[in-house]
Amino acid sequence: MSEQLKVPTMAEFMAEGKQPEILFWVGSAGSYDDRAKKISKAFVKILNKANVEFAVLGEEESNTGDVAKRAGNEFLFQMQAMMNIEVLNAYEVKRIVTCDPHSFNCLKNEYPSLGGNYDVVHHTQYIKELISSGRLTLEGNTYKGKRITFHDPCYLGRANNEYDAPREVLKNTNANLVEMKRHKNTALCCGAGGAQMFKEPEKGNMDINVLRTEDALATKPDIIATGCPYCNTMMTDGVKAKEKEGEISVLDIAELIANS
(Lines give C-alpha, C1' and ligand atoms only; values in the text may rest on other atoms or scores of the structure.)
Protein backbone atom coordinates (compact mmCIF):
# COMPACT_ATOMS: atom_id res chain seq x y z
CA MET A 1 0.00 0.00 0.00
CA SER A 2 1.38 3.36 -1.00
CA GLU A 3 -0.24 5.46 1.72
CA GLN A 4 1.11 5.07 5.25
CA LEU A 5 -1.48 3.76 7.68
CA LYS A 6 -1.22 5.11 11.21
CA VAL A 7 -1.77 2.31 13.72
CA PRO A 8 -0.79 3.38 17.26
CA THR A 9 -0.74 0.92 20.17
CA MET A 10 -2.37 1.30 23.59
CA ALA A 11 1.13 1.23 25.12
CA GLU A 12 2.07 4.32 23.09
CA PHE A 13 -1.07 6.18 24.24
CA MET A 14 -0.41 5.13 27.83
CA ALA A 15 3.16 6.44 27.60
CA GLU A 16 1.77 9.86 26.64
CA GLY A 17 -0.85 9.68 29.40
CA LYS A 18 -3.68 9.73 26.83
CA GLN A 19 -6.75 7.58 26.15
CA PRO A 20 -7.85 6.84 22.56
CA GLU A 21 -11.53 7.20 21.56
CA ILE A 22 -11.71 3.51 20.75
CA LEU A 23 -9.65 0.34 20.95
CA PHE A 24 -9.66 -1.48 17.60
CA TRP A 25 -9.78 -5.21 18.39
CA VAL A 26 -8.17 -6.78 15.32
CA GLY A 27 -8.90 -10.43 16.10
CA SER A 28 -7.05 -13.54 14.97
CA ALA A 29 -8.34 -13.58 11.39
CA GLY A 30 -7.70 -9.86 10.94
CA SER A 31 -4.16 -10.29 12.25
CA TYR A 32 -3.01 -13.47 10.52
CA ASP A 33 -5.22 -14.35 7.56
CA ASP A 34 -3.94 -12.64 4.41
CA ARG A 35 -7.41 -11.94 3.04
CA ALA A 36 -8.75 -10.67 6.38
CA LYS A 37 -5.72 -8.39 6.85
CA LYS A 38 -7.09 -6.38 3.91
CA ILE A 39 -10.31 -5.83 5.88
CA SER A 40 -8.29 -4.62 8.90
CA LYS A 41 -6.35 -2.24 6.64
CA ALA A 42 -9.54 -0.93 5.01
CA PHE A 43 -11.02 -0.21 8.45
CA VAL A 44 -7.86 1.57 9.61
CA LYS A 45 -8.00 3.64 6.42
CA ILE A 46 -11.56 4.68 7.38
CA LEU A 47 -10.49 5.54 10.95
CA ASN A 48 -7.57 7.63 9.67
CA LYS A 49 -9.84 9.39 7.17
CA ALA A 50 -12.38 10.26 9.89
CA ASN A 51 -9.58 11.43 12.22
CA VAL A 52 -10.53 8.91 14.90
CA GLU A 53 -8.01 8.58 17.71
CA PHE A 54 -7.77 4.81 18.02
CA ALA A 55 -5.27 2.26 19.23
CA VAL A 56 -4.66 -1.48 18.98
CA LEU A 57 -3.23 -3.78 21.63
CA GLY A 58 -0.64 -5.06 19.16
CA GLU A 59 1.29 -8.01 20.57
CA GLU A 60 -0.68 -7.77 23.80
CA GLU A 61 -3.86 -8.89 22.02
CA SER A 62 -4.64 -12.59 22.35
CA ASN A 63 -7.48 -14.70 20.92
CA THR A 64 -10.80 -13.83 22.64
CA GLY A 65 -11.32 -17.52 23.41
CA ASP A 66 -14.48 -17.69 21.31
CA VAL A 67 -13.29 -20.69 19.29
CA ALA A 68 -12.34 -22.65 22.41
CA LYS A 69 -15.73 -21.92 23.98
CA ARG A 70 -17.69 -22.92 20.86
CA ALA A 71 -15.66 -26.12 20.58
CA GLY A 72 -16.58 -26.93 24.19
CA ASN A 73 -13.33 -26.09 25.99
CA GLU A 74 -14.70 -23.73 28.65
CA PHE A 75 -11.50 -23.94 30.71
CA LEU A 76 -9.30 -22.70 27.87
CA PHE A 77 -11.86 -19.99 27.04
CA GLN A 78 -11.77 -18.63 30.59
CA MET A 79 -7.97 -18.67 30.66
CA GLN A 80 -7.77 -16.73 27.38
CA ALA A 81 -10.54 -14.33 28.42
CA MET A 82 -9.01 -13.57 31.84
CA MET A 83 -5.66 -12.76 30.22
CA ASN A 84 -7.31 -10.30 27.85
CA ILE A 85 -9.48 -8.76 30.57
CA GLU A 86 -6.40 -8.10 32.72
CA VAL A 87 -4.75 -6.23 29.82
CA LEU A 88 -7.92 -4.32 28.86
CA ASN A 89 -8.67 -3.28 32.44
CA ALA A 90 -5.07 -2.23 33.07
CA TYR A 91 -5.43 0.17 30.11
CA GLU A 92 -8.86 1.28 31.38
CA VAL A 93 -10.40 0.51 27.99
CA LYS A 94 -13.98 1.79 27.66
CA ARG A 95 -14.96 1.25 24.04
CA ILE A 96 -13.95 -1.55 21.68
CA VAL A 97 -14.64 -1.78 17.93
CA THR A 98 -14.02 -4.98 15.97
CA CYS A 99 -14.56 -6.22 12.39
CA ASP A 100 -15.17 -9.76 13.65
CA PRO A 101 -18.72 -10.59 14.85
CA HIS A 102 -17.33 -13.58 16.79
CA SER A 103 -15.01 -11.32 18.81
CA PHE A 104 -17.86 -8.78 19.05
CA ASN A 105 -20.28 -11.31 20.53
CA CYS A 106 -17.67 -12.78 22.85
CA LEU A 107 -16.38 -9.45 24.22
CA LYS A 108 -19.90 -8.00 24.50
CA ASN A 109 -21.82 -10.90 25.99
CA GLU A 110 -19.32 -13.31 27.54
CA TYR A 111 -16.65 -11.07 29.07
CA PRO A 112 -18.86 -9.16 31.56
CA SER A 113 -19.39 -12.20 33.81
CA LEU A 114 -15.59 -12.56 34.05
CA GLY A 115 -15.05 -8.90 34.96
CA GLY A 116 -14.65 -7.37 31.51
CA ASN A 117 -17.24 -4.63 30.99
CA TYR A 118 -16.84 -2.60 27.82
CA ASP A 119 -18.96 -0.80 25.26
CA VAL A 120 -18.43 -3.19 22.32
CA VAL A 121 -19.32 -2.11 18.79
CA HIS A 122 -19.20 -3.91 15.44
CA HIS A 123 -17.35 -2.03 12.70
CA THR A 124 -20.53 -1.63 10.62
CA GLN A 125 -22.21 0.08 13.60
CA TYR A 126 -19.19 2.33 14.07
CA ILE A 127 -18.97 3.29 10.38
CA LYS A 128 -22.68 4.14 10.51
CA GLU A 129 -21.93 6.41 13.51
CA LEU A 130 -19.08 8.12 11.66
CA ILE A 131 -21.27 8.77 8.62
CA SER A 132 -24.31 10.03 10.55
CA SER A 133 -22.19 12.33 12.74
CA GLY A 134 -20.62 13.83 9.59
CA ARG A 135 -17.09 12.67 10.39
CA LEU A 136 -16.97 10.50 7.30
CA THR A 137 -18.30 11.55 3.90
CA LEU A 138 -18.47 9.31 0.87
CA GLU A 139 -18.22 10.18 -2.78
CA GLY A 140 -20.74 7.49 -3.62
CA ASN A 141 -19.87 6.95 -7.28
CA THR A 142 -17.59 3.91 -7.07
CA TYR A 143 -20.45 1.42 -6.82
CA LYS A 144 -23.26 3.39 -8.39
CA GLY A 145 -25.53 1.05 -10.35
CA LYS A 146 -23.83 -2.11 -9.02
CA ARG A 147 -25.98 -4.85 -7.50
CA ILE A 148 -24.89 -5.71 -3.95
CA THR A 149 -26.38 -8.43 -1.76
CA PHE A 150 -25.49 -8.51 1.94
CA HIS A 151 -24.93 -11.77 3.81
CA ASP A 152 -25.88 -11.43 7.49
CA PRO A 153 -23.21 -12.85 9.84
CA CYS A 154 -24.88 -15.11 12.46
CA TYR A 155 -23.15 -13.45 15.40
CA LEU A 156 -24.10 -9.96 14.30
CA GLY A 157 -27.61 -10.68 13.09
CA ARG A 158 -29.40 -13.47 14.86
CA ALA A 159 -27.18 -13.51 17.96
CA ASN A 160 -27.19 -9.73 18.53
CA ASN A 161 -30.15 -8.47 16.50
CA GLU A 162 -28.17 -6.02 14.40
CA TYR A 163 -29.58 -5.99 10.89
CA ASP A 164 -29.87 -2.27 10.14
CA ALA A 165 -26.35 -0.86 10.56
CA PRO A 166 -24.70 -2.83 7.72
CA ARG A 167 -27.58 -2.07 5.36
CA GLU A 168 -27.68 1.62 6.21
CA VAL A 169 -23.93 1.86 5.63
CA LEU A 170 -24.27 0.09 2.27
CA LYS A 171 -26.97 2.56 1.17
CA ASN A 172 -24.27 5.26 1.24
CA THR A 173 -22.49 3.54 -1.66
CA ASN A 174 -25.44 4.35 -3.98
CA ALA A 175 -25.46 0.73 -5.13
CA ASN A 176 -28.66 -1.27 -5.67
CA LEU A 177 -29.15 -3.40 -2.57
CA VAL A 178 -30.81 -6.72 -3.37
CA GLU A 179 -31.89 -9.05 -0.57
CA MET A 180 -31.48 -12.80 -0.66
CA LYS A 181 -34.62 -14.85 -0.05
CA ARG A 182 -33.13 -15.88 3.32
CA HIS A 183 -31.99 -12.68 5.01
CA LYS A 184 -32.04 -10.91 8.39
CA ASN A 185 -33.47 -13.32 10.98
CA THR A 186 -33.95 -16.13 8.44
CA ALA A 187 -30.42 -15.82 7.01
CA LEU A 188 -28.45 -19.03 6.56
CA CYS A 189 -25.08 -19.49 8.28
CA CYS A 190 -22.02 -19.34 5.99
CA GLY A 191 -20.85 -22.61 7.55
CA ALA A 192 -17.87 -21.29 9.55
CA GLY A 193 -19.50 -20.46 12.90
CA GLY A 194 -19.11 -22.44 16.11
CA ALA A 195 -15.48 -23.32 15.32
CA GLN A 196 -16.60 -25.18 12.16
CA MET A 197 -14.13 -22.98 10.28
CA PHE A 198 -11.31 -25.19 11.52
CA LYS A 199 -12.58 -28.63 10.59
CA GLU A 200 -13.69 -30.49 7.48
CA PRO A 201 -17.43 -30.57 6.75
CA GLU A 202 -19.41 -33.67 7.67
CA LYS A 203 -20.83 -36.00 5.03
CA GLY A 204 -23.70 -34.61 3.04
CA ASN A 205 -24.61 -33.66 -0.50
CA MET A 206 -23.46 -30.02 -0.33
CA ASP A 207 -21.26 -27.78 1.79
CA ILE A 208 -23.19 -25.05 3.63
CA ASN A 209 -21.09 -22.27 2.12
CA VAL A 210 -21.99 -23.46 -1.40
CA LEU A 211 -25.69 -23.54 -0.48
CA ARG A 212 -25.43 -20.02 0.95
CA THR A 213 -23.56 -18.84 -2.15
CA GLU A 214 -26.43 -20.20 -4.27
CA ASP A 215 -28.79 -17.98 -2.21
CA ALA A 216 -26.57 -15.02 -3.07
CA LEU A 217 -26.19 -15.87 -6.76
CA ALA A 218 -29.97 -16.02 -7.13
CA THR A 219 -30.00 -12.22 -6.61
CA LYS A 220 -27.69 -11.81 -9.65
CA PRO A 221 -25.19 -9.66 -7.71
CA ASP A 222 -22.05 -7.91 -8.85
CA ILE A 223 -20.79 -7.97 -5.27
CA ILE A 224 -21.53 -10.12 -2.22
CA ALA A 225 -21.00 -7.92 0.83
CA THR A 226 -19.95 -9.42 4.16
CA GLY A 227 -19.33 -8.09 7.65
CA CYS A 228 -17.19 -10.92 8.98
CA PRO A 229 -13.78 -12.31 7.97
CA TYR A 230 -14.99 -15.91 8.25
CA CYS A 231 -18.11 -15.27 6.13
CA ASN A 232 -15.81 -13.60 3.61
CA THR A 233 -13.68 -16.75 3.31
CA MET A 234 -16.69 -19.06 3.06
CA MET A 235 -18.51 -16.96 0.47
CA THR A 236 -15.30 -16.50 -1.55
CA ASP A 237 -14.81 -20.29 -1.56
CA GLY A 238 -18.46 -20.71 -2.56
CA VAL A 239 -18.07 -18.30 -5.49
CA LYS A 240 -14.96 -20.23 -6.60
CA ALA A 241 -16.83 -23.53 -6.32
CA LYS A 242 -19.47 -22.08 -8.65
CA GLU A 243 -16.67 -20.77 -10.95
CA LYS A 244 -18.00 -17.22 -10.76
CA GLU A 245 -14.91 -15.51 -9.34
CA GLY A 246 -14.35 -13.73 -12.63
CA GLU A 247 -17.63 -11.83 -12.42
CA ILE A 248 -18.57 -11.60 -8.73
CA SER A 249 -16.43 -10.14 -5.96
CA VAL A 250 -16.82 -10.77 -2.23
CA LEU A 251 -16.00 -7.66 -0.21
CA ASP A 252 -16.30 -6.65 3.42
CA ILE A 253 -18.38 -3.54 4.11
CA ALA A 254 -15.20 -1.81 5.38
CA GLU A 255 -13.58 -2.40 1.98
CA LEU A 256 -16.61 -1.08 0.10
CA ILE A 257 -16.61 2.09 2.23
CA ALA A 258 -12.82 2.55 2.09
CA ASN A 259 -13.01 2.33 -1.72
CA SER A 260 -15.74 5.00 -1.72
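**Reading a predicted model, feature by feature**

Analyst: Welcome! Lys 69 is partly exposed, with a relative accessible area of 22%. The label comes from cut-offs, using a 1.4 Å probe and protein chains only: buried means under 20% relative accessible area, exposed means over 50%, and partly exposed lies in between. This is a predicted model, in which local features need pLDDT of at least 70 and side-chain atom pairs count only at pLDDT 80 or more, while totals for chains, interfaces and linings use all residues. Residues are numbered from 1 along each chain as its sequence is written, and side-chain values use heavy atoms, with hydrogens and water left out.

User: Which residue meets Lys 69 in a salt bridge?

Analyst: Side chains of opposite charge can pair when their charged atoms come close. A salt bridge here is a side-chain nitrogen of Lys or Arg within 4 Å of a carboxyl oxygen of Asp or Glu. For Lys 69 the partner is Glu 74, at 2.9 Å from N to O. Glu 74 is partly exposed too, at 33%.

User: How many salt bridges does the structure hold?

Analyst: There are 17 salt bridges. One of them joins Lys 37 and Asp 34, at 3.2 Å from N to O. These two sit three residues apart in helix α3, so about one helical turn separates them. Lys 37 is partly exposed at 32%, whereas Asp 34 is exposed at 55%. Another pairs Lys 244 with Glu 247, their closest N and O atoms being 3.9 Å apart. Lys 244 is partly exposed at 30% and Glu 247 is exposed at 53%. Salt bridges can also share partners, as they do in the network of Glu 16, Lys 18 and Glu 53.

User: How do I read a sheet, and what is the strand order in the one with β1?

Analyst: Start with the elements: helices (H or I, at least four residues) and strands (E, at least two) are DSSP runs, numbered from the N terminus. Two strands pair if DSSP finds at least two bridges between them. The open sheet with β1 has four strands in the order β2-β1-β3-β4, with parallel pairing. At its edges are β2 (54-55) and β4 (119-122), each pairing on one side only. Three bridges join β1 (residues 22-25) to β3 (residues 95-98), and Trp 25 has Thr 98 as its bridge partner in β3.

User: Which helix packs on that sheet?

Analyst: Helix α3 (residues 34-49) does, touching β1, β2 and β3. Contact means heavy atoms within 4.5 Å. The direction of α3 makes about 165° with that of β1; such angles run from 0 to 180 degrees between N-to-C directions, with axes fitted to C-alpha atoms, for helices over the stretch in contact.

User: What order do the strands take in the sheet with β7?

Analyst: That open sheet has four strands, ordered β6-β5-β7-β8 with parallel pairing. Edge strands β6 (176-177) and β8 (249-252) each have a single partner strand, so one side of each lacks a neighbour in the sheet. Four bridges join β7 (residues 223-226) to β8, with Ile 223 partnered by Ser 249. Helix α10 (residues 229-241) lies across β7 and β8, at about 175° to β8.

User: How many disulfides are there?

Analyst: A disulfide is a covalent bond between the sulfur atoms of two cysteines. With the cut-off of two cysteine sulfurs within 2.5 Å, the count is zero. The sulfur of Cys 190 is 4.0 Å from its closest cysteine sulfur, in Cys 231, too far for a bond. The closest cysteine sulfur to Cys 231 belongs to Cys 228, at 3.8 Å, again too far. Cys 190 is buried at 4%, and Cys 231 is buried at 5%.
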